[in-house]
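This briefing covers backbone geometry, salt bridges, the nonpolar core and surface charge, in that order. Please keep the sequence and the 3D view open while reading.

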Amino acid sequence: MPRTALLLMDLQLNHVAHTPDDYLPHAVRALGTARAAGVPVIHVALRLRPGHLDAHPRNKIFGSLPSHLFTADDPGAAIHPDVAPAEGEIVVHKNRVSAFAGNNLQQILAVQEIDHLVLAGIATGGIVLSTALQAADLDYKVTVLSDACADPDTALHHTLVNDVLSRRGEVTTVEEWADSLNAGS
């Protein structure tokens, strides 16, 4: 029986501000579903060093960010209060697109014997895609919660969840995931 964790990824104020109004309630429901079912929750957030000493100018995404964004002092880098970590939930900071980049997430998952990752986050074409592909290559079972993921490009979001991510794992909605957890209990 796979041991599952929910990865809530990049649900930071700077990112949530660019999602449709109906997005956040899905992420909140995913978080509540995991907590109610006793599924471990790991929050993943982008954090760069002051002055972005860890972002090379050649990096098309991070090299062009203004140097005050996504540092420990950036208020917009905070996790949205509606999906804030509860006491005891793990927060992992990453410094590239994938949730696995620049941290010890893989070791944390190994210690907890987690082999099934349920993914939710912003953006589908960024952290969700990158993490899903890397997790599949690392032999994790991957489930993507389609309505708890968002992308500024809605057409890209739909293409990724319907045509790409479904080839690497399961794609489902938060409601379907909650039903499956209830059916298994």
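Ala123 sits in the loop between strand 4 and helix 4. The peptide bond that joins Ile122 to Ala123 is cis, with omega at about 10°. The model is predicted, and the values below are computed from it.

**Backbone geometry**

- Most peptide bonds are trans, and most residues other than glycine have a negative phi.
- Phe70 is not a glycine, yet its phi is positive, at about 60°.
- Phe70 belongs to the loop between strand 2 and strand 3, the latter covering residues 90–94.
- With a relative accessible area of 6%, Phe70 counts as buried, because the cut-off for burial is under 20%.
- Asp139 also has a positive phi without being a glycine, here about 70°.
- The loop between helix 4 and strand 5 holds Asp139.
- Asp139 has a relative accessible area of 69% and is exposed, whereas Phe70 is buried.

**Salt bridges**

- Side chains of opposite charge can pair when their charged atoms come close.
- Two salt bridges are counted in the model.
- One of them pairs Lys94 with Asp10, with 3.0 Å between the closest N and O atoms.
- Lys94 is part of strand 3, while Asp10 is in the loop between strand 1 and helix 1 (13–16), so this pair ties together parts 84 residues apart in sequence.
- Lys94 is buried, at a relative accessible area of 2%.
- Asp10 is buried as well, at 4%.
- Another salt bridge runs between Arg35 and Glu89, whose closest N and O atoms are 2.8 Å apart.
- This pair links distant parts of the chain, with Arg35 in helix 2 (residues 24–37) and Glu89 in the loop between strand 2 and strand 3, 54 residues apart.
- Arg35 is partly exposed, with a relative accessible area of 37%.
- Glu89 is buried, with a relative accessible area of 19%; the value falls on the buried side because the cut-off is under 20%.

**Nonpolar core**

- The largest nonpolar core has 26 residues, of which Met9, Ile42, Leu105, Leu109, Leu117, Leu119 and Leu165 touch the most other members.
- Strands that give two or more residues to this core are strand 1 (4–9), strand 2 (41–46), strand 4 (116–122) and strand 5 (141–150).
- Helices that give two or more residues are helix 3 (105–111), helix 4 (124–137) and helix 5 (154–164).
- Which element gives the most to this core? Helix 4 does, with five residues.

**Surface charge**

- A patch of negative charge on the surface is formed by Glu170, Glu175, Glu176 and Asp179.
- Helix 6, residues 174–184, gives the most to this patch, with three residues.
- Glu176 is located in helix 6.

Key. Residues numbered from 1 in each chain as written. Predicted model: local features only at pLDDT ≥ 70, side-chain atom pairs only at ≥ 80, totals over all residues. Heavy atoms only, no water. Patch = residues over 30% accessible without salt bridge, like charges linked within 9 Å, V, L, I, M, F, W, Y side chains within 5 Å. Areas by Shrake-Rupley, 256 points an atom, 1.4 Å probe, with all protein chains shown as cover. Salt bridge = Lys/Arg side-chain N within 4 Å of Asp/Glu carboxyl O. Lys, Arg positive; Asp, Glu negative; His and termini not counted. Charge placed at Lys NZ, Arg CZ, Asp CG, Glu CD. Helix = DSSP H or I, 4+ residues; strand = E, 2+ residues; numbered from the N terminus. Core = buried A, V, L, I, M, F, W, Y, C linked by side-chain atoms within 4.5 Å. Buried < 20%, exposed > 50% of the residue type's maximum accessible area, 1.4 Å probe, protein only.
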